[in-house]
Amino acid sequence: MKRLKGIGLAVVLLLGTVVGVATPANAAPVICETFGSTSIQSGRFIVMNNVWGASTPQCIDVNQAGGFTIQSAGHNNATNGAPAAYPAIYAGCHYGNCSTGSSLPMQANNAAFNNIRSSVSYTYPSSGTYNASYDLWFDPTPRTNGQNTGAEVMIWLNRQGPIQPSGSQVATVTLAGATWQVWFGNIGWNVISYVRTTTGTTLDFNINTFYTDAVNRGYAQRNWYLTSVQAGFEPWVGGAGLTLNNFTYTTTGGGGDTSPPTAPGSLTASGTTANSTNLSWSPSSDNTGVSGYDIFRRQGTTGTFTSVGTTTGTSFAATGLTASTQYQFYVVARDAAGNQSPQSNTVSVTTTGGGGGDTSPPTAPGNLTASGTTANSTNLSWSPSSDNVGVAGYTIFRRQGTTGTFTNVGTTTGTSFAATGLTASTQYEFYVVARDAANNNSPQSNTVSVTTTGGGTGTGTCTVHFDAWNNGYVAQITVNGPRSGWSFTFALPSGHAMTGGWNAQFTTSGSNITASNQSHNGNLSAGQSTGIGFQATRPNGNTQLPTIPGCTVV
């Protein structure tokens, strides 16, 4: 993308979305500029045209009352690639362009966060390929400018054609009175998408409804900040006639159900062992019905409680505890609108010593080796540990590269483990720890290092096109079939930094970046192709560009 001059545009990336923001005007015009935008209702909302993924024209007719219609669009993007645009209306701050009176950014652990609501009403044409979706942005800092790096929560009320969100489906959930597929992917930040299983034209919801679900799944954090609430469309093909009739955003909890459930009562713990306890409580009541309970825990009697699970019933098995350790728990009920109850009473438990007083750890696993390494997996094996009572299992730890923190990637009761989900052409290190029934952990095994092979099979070609300016550039890569899986590992020149990417799984190790296929675009037949890309910054005046191995510059 070329940097446009003279019209005050800021170019950014989101979910594979490059958003340009022009200085808002007070009128509610027809906007045809690629990245044109305008403020409405005295700056309360901002509407943007935002054609970021195509060179085809698009015009939107802005409604001062709080919406817009795509008046014309000439899009014809491949449905296995990125959308052409994300015309949207939003409240909050986006790359320094802020609406008025939104109270954003706001930390999600702020009590006022639970009062933030939004509603939308859509009308759909009979043709075209598109989605109708909210886009909720979260950042670890109260960011008003630049790329958010926390979580992007997308809520798809409708999709037309063979398109799908980033990543892969991980669950199905009932929220805000409807059933949604839950998708998860990472493109430099976590993307959590909720896809309605039946077409919806309206939604009135509490923002915390979906964010609580994302937090409970480990994809977002309660101390992150909400920076903007957006609603619009992502068209791939066509788009004319898509209409956002009305958009509301409130910080007072108005609209819909605002009555929280009563607090869960009589929380008790029973059957406590060295590593678990069973919680139970009396049910909450609610004017429309309780949709579930969230369980919170802390170790000891001071510090922060964290969410450790959710259930729709009135009991919960808390596992993974440490022997001879004190814990405290409480429970909060929630309804379908995301209203949360006061917390229950707090119950305190102390786990038993475990294993009848066994405090002797197993010996370290020996002779850890790796074999059969492919582009995305390797097979680990080791000699068994010994223990005075008996080894209960082994925990496998992994890190990418040779520095940084090892993370737990699996357990087994045997002496071998298939490590999967790796990235092609990437170095990993592994070690193994044994544990006994009393949760005594052995010293770690030796560390083994592996480098995965290059990803994919086939003879397809690759091209890359750079649109550059003084202090940044966008790389647009076309991957051609036939291929069965693909990945590219490349190094950024000194001083360059990737700010976002789309339609691929990007992982970073130092200055090296690996782009790998997502589930929907890995297998390409002859004649098929997929488009991916990324944006990077570089020192002002620097003209260097990275080399993408195997790709021809066009």
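The questions and answers below cover confidence, disulfides, a sheet, a helix and an aromatic cluster.

User: What is the average pLDDT of the chain, and what share of residues score at least 70?

Analyst: This is a predicted model, so confidence comes up before any detail. The chain averages a pLDDT of 84, and the share of residues scoring at least 70 is 91%.

User: How many disulfides does the structure hold, and what is the pairing in sequence order?

Analyst: The structure holds three disulfides. One of them joins C93 and C98, with sulfur atoms 2.1 Å apart. Numbered in sequence order, the bonded cysteines pair as 1-2, 3-4, 5-6.

User: C32 and C59 form a disulfide; which of the two is buried?

Analyst: The sulfur atoms of C32 and C59 are 1.9 Å apart. C32 sits in the loop between strand 3 and strand 4, while C59 lies in strand 6, 27 residues apart. At 40% relative accessibility C32 is partly exposed. At 12%, the buried one is C59.

User: What is the handedness of the C93 and C98 disulfide?

Analyst: C93 is buried at 7% relative accessible area, whereas C98 is partly exposed at 33%. The torsion about their S-S bond is about 120 degrees, so the disulfide is right-handed.

User: How many residues apart are C462 and C551?

Analyst: These cysteines form a disulfide with sulfur atoms 1.9 Å apart. C462 is buried at 2% relative accessibility, and C551 is buried at 13%. C462 lies in strand 35 and C551 in the loop between strand 43 and strand 44, so the link ties distant parts of the chain, 89 residues apart.

User: In what order do the five strands of the open sheet run?

Analyst: Strand 35 pairs with strand 36 in the antiparallel sense over eight bridges. Strand 35 also runs parallel to strand 44, joined by two bridges. Strand 39 and strand 43 pair in the antiparallel sense over five bridges. The pairing is mixed, and the order is 39-43-36-35-44.

User: Which strands stand at the edges of this sheet?

Analyst: The order of the open sheet is 39-43-36-35-44. An edge strand here has a single partner strand, so one side is left without a neighbour in the sheet. The edge strands are strand 39 and strand 44.

User: Which residue stands opposite W469?

Analyst: A hairpin joins strand 35 to strand 36 through two residues. Strand 35 covers residues 462-469, and strand 36 covers residues 472-480. The residue opposite W469 in strand 36 is G472.

User: Q58 makes side-chain polar contacts; which residues are the partners?

Analyst: Q58 lies in strand 6. At 2% relative accessibility, Q58 counts as buried. Beyond its sequence neighbours it is in contact with residues including C32, V51 and P235. The side chain of Q58 makes polar contacts of 2.8 Å with the side chain of N49 and with that of H75.

User: Which residue caps the N-terminal end of helix 1?

Analyst: Helix 1 spans residues 207-216, and nine of its ten residues are buried. Just after the helix, G218 takes a positive phi of about 85 degrees. At the N-terminal end, a side-chain oxygen lies 2.8 Å from the backbone nitrogen of N208, and the capping residue is N206.

User: Is the Y134 and F247 ring pair stacked, edge-to-face or tilted?

Analyst: The model has 26 aromatic pairs. In this one the ring centres are 6.4 Å apart, with 40 degrees between the planes. Planes under 30 degrees apart count as stacked and over 60 as edge-to-face. The pair is therefore tilted.

User: Are Y134 and F247 buried or exposed?

Analyst: Y134 is in strand 12 and F247 in strand 19, 113 residues apart. Both belong to a ring cluster, together with F45, W180, Y194, F205 and F210. Y134 has a relative accessible area of 0%. F247 has 2%, and each counts as buried.

Conventions:
Residues numbered from 1 in each chain as written. Predicted model: local features only at pLDDT ≥ 70, side-chain atom pairs only at ≥ 80, totals over all residues. Heavy atoms only, no water. Pairing = 2+ DSSP bridges. Helix = DSSP H or I, 4+ residues; strand = E, 2+ residues; numbered from the N terminus. Buried < 20%, exposed > 50% of the residue type's maximum accessible area, 1.4 Å probe, protein only. Polar contact = N/O pair within 3.5 Å; in protein donor to acceptor, adjacent residues only side chain to side chain. Contact = heavy atoms within 4.5 Å. pLDDT = per-residue confidence, 0-100. Phe/Tyr/Trp six-rings, centres within 6.5 Å; stacked < 30°, edge-to-face > 60°. Disulfide = S-S within 2.5 Å. Lists of a residue's contacts leave out its neighbours within four places in sequence.
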